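I opened this entry to keep track of what I looked up, step by step. Overall make-up comes before single residues.

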Amino acid sequence: MVHWPTRHPRHEARVLKISSHLLFPEEKWVVWADASMQVLDWDRLMLDKGNHYVSCIEHWDRNNVYSEAIELLSMESHVDPKSVKRFVAHIRSEGFVSHSLSTTGLLVRRLSQHVIDFNSLWRECLNSLRDR
């Protein structure tokens, strides 16, 4: 078991989730499954991921980042509202159009520079107990 001390156990799990390239640098593929997930068919999971750098599951309830931001703002004890609003303002100013939303409870990553960059950016954005 890897222990990476942080400010809260939930935050520690997020840090571990986004550190696959640091924790498993020799592995070609890394699978993260939250405690709420159970993989019943590993062969099918690896087949479905294709050859993408990052694969995850479609969100079961919301379908865009803007509705996710509204949900996050209703959970003020878990997020910094100013950070959420600043992020939404930034992506809107960039013209970002959101047509889908993923959940990262089950996440498959192929080690590559793309994934290292993705994980590093995600880590920079990690400022709440939620990893959204």
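**Surface and layout**

I started with the surface: the protein exposes about 8900 Å², and carbon and sulfur atoms supply 54% of it. I note here that the model is predicted. Next I looked up the burial. Of the 132 residues in the protein, 39% are buried.

I then listed the secondary structure. The protein has six helices and three strands. Along the sequence I read the pattern α-α-β-α-β-α-α-β-α. I also checked the contacts between residues at least 6 apart in sequence. Of these, 72% join residues at least 24 apart.

**Strand β1**

V30 sits in strand β1. Its relative accessible area is 11%, so I log V30 as buried. I looked up its partners, skipping neighbours within four places in sequence. They are S20, F24, L107, V108 and R109. For V108 I also took the C-alpha distance to V30. It is 5.8 Å, although the two residues are 78 apart along the chain.

**Helix α4**

I moved on to α4, residues 65-73. Which of its residues are buried? I found V65, Y66, E68, A69 and L72. They cover an arc of only 155 degrees around the axis, so they lie on the same side of α4. I asked what covers them, and the cover includes α5 (81-93).

I looked at the start of α4 as well. There, a side-chain oxygen of N64 comes to within 2.8 Å of the backbone nitrogen of Y66.

**The largest nonpolar core**

I went through the largest nonpolar core next. It has eight residues: V65, Y66, A69, L72, V79, V84, V88 and I91. The most come from α4, which gives four.

Y66 touches V88, I91, R92, F96 and S98. Of these, V88 and I91 are also listed in the core.

**Salt bridges**

Last, I turned to charged pairs. Side chains of opposite charge can pair when their charged atoms come close. How many salt bridges are there? I count four.

I looked up D34 and K17. They form a salt bridge, with the closest N and O atoms 3.6 Å apart. D34 is in the loop between β1 (29-33) and α3 (42-48), and K17 is in helix α1 (residues 9-17), so the pair ties together parts 17 residues apart in sequence. Are these two residues buried or exposed? I find D34 and K17 both buried.

The pair of D48 and R44 came next. Their closest N and O atoms are 2.8 Å apart in a salt bridge. Both residues lie in helix α3, four residues apart, which is about one turn of the helix. D48 is partly exposed, with a relative accessible area of 48%. R44 is partly exposed as well, at 46%.

I finished with E68 and R62. Their side chains meet in a salt bridge at 2.5 Å, N to O. Both E68 and R62 are buried. Salt bridges that share partners join D61, R62 and E68 into one network. I also note that E68 is among the buried residues of α4.

Conventions
Residues are numbered from 1 along each chain as its sequence is written. This is a predicted model: local features need pLDDT of at least 70, side-chain atom pairs count only at pLDDT 80 or more; totals for chains, interfaces and linings use all residues. Side-chain values use heavy atoms; hydrogens and water are left out. Buried means under 20% relative accessible area, exposed over 50%, partly exposed in between (1.4 Å probe, protein chains only). Helices (H or I, at least four residues) and strands (E, at least two) are DSSP runs, numbered from the N terminus. The arc is that of the directions from the helix axis to the C-beta atoms. Contact means heavy atoms within 4.5 Å. A polar contact is a pair of N or O atoms within 3.5 Å; within protein, one must be able to donate a hydrogen and the other to accept it, and residues adjacent in sequence count only if both atoms are side-chain atoms. A nonpolar core is a set of buried Ala, Val, Leu, Ile, Met, Phe, Trp, Tyr and Cys residues joined through side-chain atoms within 4.5 Å. Accessible areas come from the Shrake-Rupley method with a 1.4 Å probe; for residues, only the protein chains shown count as cover.
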